[in-house]
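Morning, everyone. Please look at the display while I talk.

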Amino acid sequence: QVQLVESGGGLVQAGDSLRLSCAASGDPLSYYAMGWFRQAPGKDREFVAGISWSGGNTLIADSAKGRFTISRDNAKNTVYLQMNSLKTEDTAVYFCAADSMSPLAPNFVTQNSNAYDYWGQGTQVTVSS
């Protein structure tokens with residue numbers, strides 16, 4: 001069992017940066033691939049970024065490429081999403097999620113939300129123009 005708590009959201013202006021954190025408790029995140037998703041009002045939840053449990057592989061959605069970076073610190077049981085050059089269309093609730101993985105799959109990560117076993121409650125990011 002993993003409990004996930006996101007933090008770092010807020011109200012910023014277009015062009016600003018934010019760093020979201022996802023702190024885990026319960027099981028260590030050592031063998032969990034991690035993902036960030038977001039959901040804007042009236043829209044479906046969408047994948048933003050993911051990182052394998054080893055940290056050796058990352059996926060970034062096309063809408064976030066070149067602006068967002070995902071990283072993890074397994075010693076701190078924390079995953080980060082660094083968001084630069086924010087746009088108004090990045091406004092959403094951001095969720096982190098954990099996908100239990102085999103130790104034999106250190107570089108696997110998926111953007112399929114159905115694969116993720118645990119979810120946080122989300123943190124609001126609002127980008128004004």
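In what order do the four strands of the open sheet lie? Before I answer, note that this is a predicted model. The order is β1-β3-β8-β7, and the strands pair in the antiparallel sense. For anyone new to this, strands of a sheet pair through backbone hydrogen bonds, either parallel or antiparallel.

Two of the strands sit at the edges: β1, residues 2-7, and β7, residues 68-73. Each of them pairs on one side only. From one strand to the next, the twist averages 15°.

On to the second topic. How many disulfides does the structure hold? There is one. Its partners are Cys22 and Cys96, with 2.0 Å from S to S. As a reminder, a disulfide is a covalent bond between the sulfur atoms of two cysteines. The link between Cys22 and Cys96 is right-handed, with 50° about the S-S bond.

Which parts does the pair tie together? Cys22 lies in strand β3, residues 18-26, and Cys96 lies in strand β9, residues 92-100, so the link ties together parts that are 74 residues apart in sequence.

Last point: are these two cysteines buried or exposed? Cys22 has a relative accessible area of 0%, so Cys22 is buried. Cys96 also counts as buried, because its relative accessibility is 0%.

That is what I have. Thank you.

Technical notes:
Residues numbered from 1 in each chain as written. Predicted model: local features only at pLDDT ≥ 70, side-chain atom pairs only at ≥ 80, totals over all residues. Heavy atoms only, no water. Pairing = 2+ DSSP bridges. Axes fitted to C-alpha atoms, helices over the stretch in contact; angles between N-to-C directions. Disulfide = S-S within 2.5 Å. Buried < 20%, exposed > 50% of the residue type's maximum accessible area, 1.4 Å probe, protein only.
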